[in-house]
Each structure stands twice: as C-alpha cells, then as structure tokens.
Amino acid sequence: MVPDISTGSRTYGLLAYLYGPGRRDEHVDPHIVAAWMPHLAPDPGRDPGATLKQLADRLDLPVLAVPKNRRPARHVWHCPVRTAPGDRRLTDAEWADVARRIVHATGIAEEGDDKACRWIAVRHADDHIHIVATLKREDGRSPRRHQDALRAQAECRKLEAELGLQILNEGDRTAAQRPTSAERSKAERAGRNEPPRETLRERVRQAVAGAADEEEFFRRLTEAGLRVDKRIAPSGDVLGYKVALPGDRNRHADPIWFSGSRLAPDLSLPRLRERLARGAIDDAPAPMSDSSQRSSRPAQARRVATAAAEEALVALDRDDDEAAASQLSATGELLDAVVQTSPGAARPDLTEAARAFERATRSPVRAEHANARALRAAARGIVRAGDALGKGEDGGTTAMLLSTIVLVTMAAIRWHAARGHAQQAAAAQQAAEHLRSAYGAVAAVPMRVMGEQGRRIPTPIRERYVRTVLQVLPNKADHVLHAPNWNALAATLAEAEEDGHDPEALLRKVVAWRELDTADRVADVLIWRLRRAGDMAAAPNPSRTRSTGRTRDVQGRPPPPVAAEAQPHHPRGLRRRGPRR
C-alpha cells in the first residue's frame with residue numbers, strides 16, 4: 001500500500017480531475033467513501049443535485065474564513081493511497097477505514113478532534129483512493145503534519161498486515177522525490193517517455209560520473225544539452241544550481257527548473273562538493289598490462305575499471321560501513337559511465353540497471369568518499385575513452401567488467417539487507433537482473449568464439465583441465481564442468497598454458513581472489529578472472545586454434561602434431577547432462 005502526499009492550490013481543479021473521466025477514460029464510478037462529516041460533504045458521484053463547486057466550497061470554507069495573509073499558498077493536501085499489484089480488491093468500507101487511519105496518523109484529522117481539517121476520500125478505481133484535505137482547521141489553526149509522509153508510510157505498513165495485503169518495504173527518507181501526478185500527466189500530453197524530473201536526474205548523475213571538479217561537472221551539464229542556472233553570492237561564490245530541459249516550460253512560458261536537491265538528496269551542490277573533494281581524482285594514467293597497451297582506449301579503461309570493481313567487492317565485506325557506502329556510491333558512478341559508452345544492444349538494460357542501482361547508492365550510512373577514488377577514476381577513464389564497440393576487445397572487456405559489476409550488486413544486496421535497508425536491497429536486486437541481461441547480450445560473441453576453440457582441444461588435454469578443476473574447486477566442479485561455457489573455460493586454460501602459465505596455479509590464484517558462492521555463473525567469472533590474471537585478450541582471435549595445452553615443451557621444442565581432431569570429453573561420472581548447447 002503506497003501513499004503519495006503532495007500539496008496544491010486549486011481545490012476545484014483537483015476535484016474535477018477525480019470526478020472526471022481520467023486521461024484514458026480509466027475513472028469508473030467516482031464517489032466519496034469517507035469524509036470529515038459525511039452529511040456535510042455533497043457527493044457529485046452519488047447525488048445528481050450535488051456539484052463540484054459545492055463540494056469545493058465546503059472544503060475551502062475554513063481556509064476562506066481566515067485573513068488572506070494567514071492562508072497557505074498551497075492549501076490543498078492530496079494523498080493517493082494505492083494497493084500493490086496482486087493485492088485483493090478492498091471494499092468501500094475498508095477504504096473508508098484506510099482513509100480515516102491515514103488522516104489520523106498524519107495529523108490532518110485526528111480521531112475525536114471536531115476542529116480538525118476538512119477532508120474527503122474519493123474512489124474511482126478498484127486499487128486506490130484519493131484523500132483530499134484543506135490545510136486550515138475549523139479553529140483557524142494549521143494542522144500539525146510534521147513528517148506526514150513518514151507517518152503515512154508507517155500507518156500503511158500496519159494496514160497491510162491487518163488487511164492481509166503485501167507488506168512493502170519501509171522508506172528511510174533517502175529516496176529521490178518521485179514525479180507528481182501533474183508532472184506525469186504533462187509528460188504524457190507532451191509525448192515524452194518520462195517526466196522531465198527523471199530525465200534530468202539521469203543526466204545530472206551521468207555528468208558527475210568521474211568528474212574531476214565542479215567546473216567539469218557544470219561543463220558536462222551544458223554539453224548534455226541542459227539549461228543550467230547557478231545561484232551566485234555577492235562574493236562570486238556558487239551557492240547552488242538548478243537545471244531545466246529545453247522546451248519544458250510552465251503556463252507563463254518560463255523554464256521549469258529543478259534544483260539538484262529536488263532531483264535527489266545526493267545531487268545537491270554541497271553533497272556533490274563533498275564527493276568531488278573527498279573522492280578527488282587526477283588524470284594520471286593507471287598502470288597498464290601488456291594486453292591493455294595493445295587494446296583500444298575503451299578496452300583499456302574497462303580493464304582498469306574491472307580491477308577497481310574487484311577492490312569494491314573486498315571493501316563491501318569489511319567491517320567499515322562508511323567505506324562500503326562510498327564504494328556503492330562510486331559503483332553508481334561507474335554504471336552511469338558504462339551506460340554512456342556501451343554498445344547499443346546492451347544499453348537499454350544498462351540504463352535500467354543504473355536507474356535501479358541509483359536507489360542502492362543512498363542509505364542512512366554516510367559515505368566516506370575518500371575510499372572510492374579508484375572507482376571514481378575508473379568511471380572518469382571510461383567516459384574519456386569514448387564509446388566502445390560491441391565486438392572484439394571492446395566487447396570482451398565490457399563483458400569482463402559487467403561480470404564483475406554483477407558480483408558487486410550481489411554484495412550490495414547482502415550489505416543492505418544485513419543493515420535493514422529493504423528498499424536499497426530490492427533496488428540492487430532489480431539492478432542485478434538488468435545487468436545479467438546486459439551481460440548476456442555483450443558476452444555472447446566472445447563466449448561463442450572461446451567455446452568453439454575449446455571444443456577443438458584434444459581429449460587428453462581436456463581431461464587434464466577437468467582434473468585441474470576437480471582439484472582446485474572440488475565443491476563446485478560439477479557445476480563448472482556442466483556449465484554452458486565450460487568449453488570457453490577450457491579454451492582460456494589452454495591459452496594461459498600456451499602463454500607460459502601453469503593452469504592449475506593460475507586457477508588457484510583467481511579462486512583465492514574472492515569467494516564464488518554468490519556467483520550464478522561461476523565458469524564465466526573464472527574465465528574473466530583468468531584472462532585478467534594471465535594478461536590475455538578478452539576477445540581471442542576467432543582464427544586461432546587451440547590444439548594443445550602448450551605451444552612448446554620444457555626444452556622449448558614444439559609439440560608433436562595431433563593426428564585427428566578430438567571431440568569434447570568428460571571423465572566417467574561427469575558427462576554432460578542433457579543436450580549440448
């Protein structure tokens with residue numbers, strides 16, 4: 001059950017919407033289910049002689065009774081209350097009880113107070129009601145509605161339990177403000193996919209991703225096509241900022257501005273300055289491996305980011321909440337950077353993942369941004385490197401990075417859940433689902449190439465790699481050896497051996513980096529870790545054939561030729577289950 005409180009200035013206009021047909025004729029049988037005094041509230045939905053003006057005048061009477069200088073500018077209190085999808089249909093009597101409980105809990109009209117505000121609850125659909133009140137009591141005083149949104153949320157949790165509805169996650173006042181119904185209606189009329197508030201929030205977050213300083217942040221906002229207005233003190237210092245979408249104007253043709261704090265709590269200028277100062281980064285290039293130096297700039301940046309994301313995984317397991325919170329905040333920046341520069345096929349899922357994870361970056365734990373400089377620098381590197389291709393080394397390193405970010409989101413779920421951050425844990429779970437989908441789209445080509453190479457490895461060499469997995473990962477061997485990408489893992493072990501590595505030693509090294517219990521694709525995680533640790537290309541050459549586990553023997557001589565190409569083979573007891581994919 002979700003309450004959504006807002007205030008306005010036009011009682012009649014709101015009532016006209018509630019009793020009207022709706023934007024798509026979705027309003028059915030609008031009528032009052034509860035009121036401050038039912039016999040004093042005319043109901044145009046039930047009484048043919050009642051009018052909207054009569055109802056508006058009755059509600060506004062206490063407001064009009066006080067002098068103009070004491071009337072609130074926004075005197076209309078509006079609170080839709082909606083049940084969750086899948087909940088049962090409540091009766092009018094049950095909705096009436098919900099409305100009375102909400103106005104009591106929020107201080108609008110406490111039970112037994114005959115001088116309280118006037119209010120009504122209108123129902124025009126099966127799954128929600130609209131509570132409308134005017135913000136002057138009968139005695140001329142204003143209601144005590146401090147933290148009314150939190151109190152409404154708390155009361156809804158009680159009602160859900162009593163009415164047998166889904167128990168939703170509690171808020172903690174760290175969520176971004178959602179678009180109002182008026183903003184959503186205007187966006188729909190204008191043909192926008194979403195309200196400007198949502199678009200602006202995403203673009204501001206992308207502008208701050210990896211920004212080195214305040215000047216670069218404001219420059220990125222302008223380059224993104226936003227209108228930017230800085231609030232300047234007499235001394236010349238910038239006190240704040242606000243942004244607007246070009247063409248988004250009010251009835252007076254003025255731009256509709258949103259300050260950073262109206263978009264999200266952590267996008268206010270003071271909070272951004274704290275992040276930029278404590279998480280200060282420079283343009284010094286990160287040390288690169290040989291394979292990175294042979295790669296494109298986007299691929300190099302993704303390899304550096306993958307290493308930084310691995311460090312974030314370690315931080316989330318430590319007993320340092322401030323450091324962990326900073327890593328989550330910086331992971332959000334990294335995702336915003338990846339969205340801007342990733343291949344088109346993965347971008348829709350990555351966009352949804354970044355939007356969902358944005359909620360997981362804010363919690364009651366204050367971030368200590370100095371602990372996340374590596375991730376912020378990685379985000380900056382990705383933005384500056386430009387767009388990545390969807391194939392070759394760019395595609396392979398993108399898959400490598402996304403595989404690691406999935407693990408970070410899983411760690412974020414556990415971290416938030418352990419601290420009772422239910423909304424953040426749910427947001428991270430949603431982000432993980434989109435990230436898995438994006439990873440599948442990006443990883444398909446390099447995994448197919450490696451899989452084809454792995455299937456050409458002779459049987460004796462494959463059996464040796466099977467024994468290696470059994471020795472190193474006895475508890476997960478069955479899962480790994482029957483994974484869809486086992487052939488790709490075998491090809492990676494073969495390439496590592498050809499490059500002079502001991503496959504078993506290298507595999508033990510990457511397994512020791514971090515536990516694999518939370519990975520749902522263990523073979524894939526091992527492939528990317530092996531390729532990073534062994535300084536191998538993320539997207540191997542499709543024409544390269546894996547015929548042996550070593551290109552030269554210990555004396556440096558080439559191996560004997562293979563008589564015939566062998567088929568994939570598993571030792572007895574570990575044969576593939578089901579058809580080969």
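Ring pairs link F217, F218 and Y241 into a cluster. This is a predicted model, in which local features need pLDDT of at least 70, side-chain atom pairs count only at pLDDT 80 or more, and totals for chains, interfaces and linings use all residues. Residues are numbered from 1 along each chain as its sequence is written, and side-chain values use heavy atoms, with hydrogens and water left out.

Let us start with the rings. A pair of aromatic rings is described by the distance of the centres and the angle of the planes. Rings of Phe, Tyr and Trp (its six-membered ring) pair if their centres lie within 6.5 Å; planes under 30 degrees apart count as stacked, over 60 as edge-to-face and the rest as tilted. By this rule the count comes to three aromatic pairs. Two of them are set out here.

| Pair | Centre to centre | Angle between planes | Kind |
|---|---|---|---|
| F217 and F218 | 5.2 Å | 50 degrees | tilted |
| F217 and Y241 | 5.6 Å | 85 degrees | edge-to-face |

What does the pair of F217 and Y241 tie together? F217 belongs to helix α7 (residues 214-223) and Y241 to strand β8 (residues 238-244), so their pairing ties together parts that are 24 residues apart in sequence. Helices (H or I, at least four residues) and strands (E, at least two) are DSSP runs, numbered from the N terminus.

Are F217 and Y241 buried or exposed? Both are buried, a word that stands for under 20% relative accessible area, while exposed means over 50% and partly exposed lies in between (1.4 Å probe, protein chains only). For F217 the relative accessible area is 1%, and F218, at 5%, counts as buried too. K230 lies over the face of F218, at 4.4 Å from the ring centre; the rule asks for NZ of Lys or CZ of Arg within 6 Å of the ring centre and within 35 degrees of the ring normal.

Strand β8 also leads us to a sheet. Three strands form this open sheet in the order β7-β8-β9, with antiparallel pairing; two strands pair if DSSP finds at least two bridges between them. β7 (227-232) and β9 (258-259) stand at the edges with a single partner strand each, so one side of each has no neighbour in the sheet. Between β7 and β8 there are six bridges, and D229 stands opposite K242 in β8.

Another strand to look at is β5 (residues 117-123), where seven of seven residues are buried. From β5, C117, W119, A121 and R123 point one way, and R118, I120 and V122 point the other way. Four bridges join β5 to strand β3 (residues 31-35) in an antiparallel arrangement, with H31 opposite R123. β5 also pairs with strand β6 (residues 128-137), again antiparallel, over six bridges. Here A121 stands opposite I131, and four residues lie between the two strands of this hairpin.

Finally, where is H27? Its place is in the loop between α1 (11-19) and β3. H27 counts as buried because its relative accessibility is 11%. Leaving aside residues up to four places away in sequence, H27 touches Y17, L18, G20, P21, G22 and H124, where contact means heavy atoms within 4.5 Å. A polar atom of the H27 side chain lies 3.5 Å from the backbone nitrogen of G22. By contrast, H27 and A312 are 49 Å apart in space, C-alpha to C-alpha, and 285 residues apart in sequence.

Technical notes:
Polar contact = N/O pair within 3.5 Å; in protein donor to acceptor, adjacent residues only side chain to side chain.
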